[in-house]
Amino acid sequence: MKISDFIREFKKTYPGQELYKVATKAEIASFEESIGILLPSTFKEFLRTFSNGILLLGWEPIGGVDEKSPCGAIRKSERIIYDLPSEVLIEETNELVYSARLITLTMFDGGESSNDHWAFIFEEGIPNNEYRIGYIGQDNKSIVKVVRNFEDWLGIFWKGNKDNKDSEFAIPTFHIIYPDYDERGKILHEWLR
């Protein structure tokens, strides 16, 4: 889903949703320099044209490039899960990635308020820095699900919630992908496998 399409549909469907101020190009560039990683073009567009971080529909906590944003600033995942190993396994592809290359997208999992979270998997040479996004489980300290990029991730969230406006709670992206509670438990906790 294109960022511009998401913004147009979101504002039409949820006109009362409070948004944080947008980020400027200079603020984003300064933040990228501070973490030493370029952010995906589509995520920067989201920050510049929609909101510099947001608790999306009161449930999915997307970080911004400002500590004052509703969910704080995105950061290296090792600052959320302190005992994250130096290399993290992507279970779906059986590959290892350096934990220092994992940059949070969501600040914890909105559904269970845990340290599980979505993170950009920084890899050099990716056009427009459209990195894959992985879901890191705090219990098994591995990436248990991968989505192609930010637009795909946002599209999953939107598809699962755009017709859900009468519900008290939005559905987090991970719960949309795995709607069964027991299945999520087995994915996230080795002791349940």
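Visitor: At what angle do helix H1 and helix H4 pack, and how far apart are their axes?

Guide: Start with the terms. Helices are DSSP runs of H or I with at least four residues, strands are runs of E with at least two, and both are numbered from the N terminus. Axes are lines fitted to C-alpha atoms, for helices over the stretch in contact, and angles run from 0 to 180 degrees between N-to-C directions. Now the case. H1 (residues 3-13) packs against H4 (residues 150-161) at about 25°, and the axes are 10 Å apart. This is a predicted model: local features need pLDDT of at least 70, side-chain atom pairs count only at pLDDT 80 or more, and totals for chains, interfaces and linings use all residues. Residues are numbered from 1 along each chain as its sequence is written, and side-chain values use heavy atoms, with hydrogens and water left out.

Visitor: Are H1 and H4 roughly parallel or oblique to each other?

Guide: Angles under 35 degrees count as roughly parallel, over 145 as roughly antiparallel, 65 to 115 as roughly perpendicular, and the rest as oblique. H1 and H4 are therefore roughly parallel.

Visitor: Which residues of H1 and H4 make the contact?

Guide: Contact means heavy atoms within 4.5 Å. H1 brings Ile3, Phe6, Glu9, Phe10 and Thr13. H4 brings Phe150, Glu151, Leu154 and Trp158. As a general idea, an α-helix has 3.6 residues a turn, so residues three or four places apart point the same way.

Visitor: How many residues of that contact are nonpolar, polar and charged?

Guide: Classes come first. Ala, Val, Leu, Ile, Met, Phe, Trp, Tyr, Cys and Pro count as nonpolar; Asp, Glu, Lys and Arg count as charged; the others, Gly among them, count as polar. The contact of H1 with H4 has six nonpolar, one polar and two charged residues.

Visitor: How do H3 and H4 pack, and what is their angle?

Guide: H3 and H4 pack at about 55°, with axes 8 Å apart. H3 and H4 are therefore oblique to each other. Thr42, Phe43 and Phe46 of H3 meet Phe150, Glu151 and Leu154 of H4. By class, that contact has four nonpolar residues, one polar and one charged.

Visitor: Which residues of H3 are buried?

Guide: Buried means under 20% relative accessible area, exposed means over 50%, and partly exposed lies in between (1.4 Å probe, protein chains only). In H3 the buried residues are Thr42, Phe43, Lys44, Phe46 and Leu47. They pack against H1, H2, strand S1 (54-56), strand S2 (60-62), strand S6 (117-121) and H4.

Visitor: Lys44 is on that list. Which side chain does lysine 44 meet in a salt bridge?

Guide: Side chains of opposite charge can pair when their charged atoms come close. A salt bridge is a side-chain nitrogen of Lys or Arg within 4 Å of a carboxyl oxygen of Asp or Glu. Lysine 44 pairs with glutamate 32 at 3.2 Å, N to O. Lysine 44 lies in helix H3 (residues 41-49) and glutamate 32 in helix H2 (residues 25-35), so the pair ties together parts that are 12 residues apart in sequence. Lysine 44 is buried at 18%, and glutamate 32 is buried at 8%.

Visitor: How many salt bridges does the rule give?

Guide: The count is 11. One of them joins glutamate 92 and lysine 145 at 3.2 Å, N to O. Glutamate 92 sits in the loop between strand S3 (87-90) and strand S4 (95-98), and lysine 145 in strand S8 (residues 142-147), so the pair ties together parts that are 53 residues apart in sequence. Glutamate 92 is partly exposed at 40%, while lysine 145 is buried at 18%.

Visitor: Which residues are linked in a network of salt bridges?

Guide: Lys21, Glu27 and Asp66 are linked in one. Glutamate 27 is partly exposed at 32%, and lysine 21 is partly exposed at 43%.

Visitor: Where is lysine 162 found?

Guide: Lysine 162 is in the loop between H4 and helix H5 (173-177). Leaving aside neighbours within four places in sequence, lysine 162 is in contact with Glu9, Thr13 and Tyr14. Lysine 162 is partly exposed at 32%.
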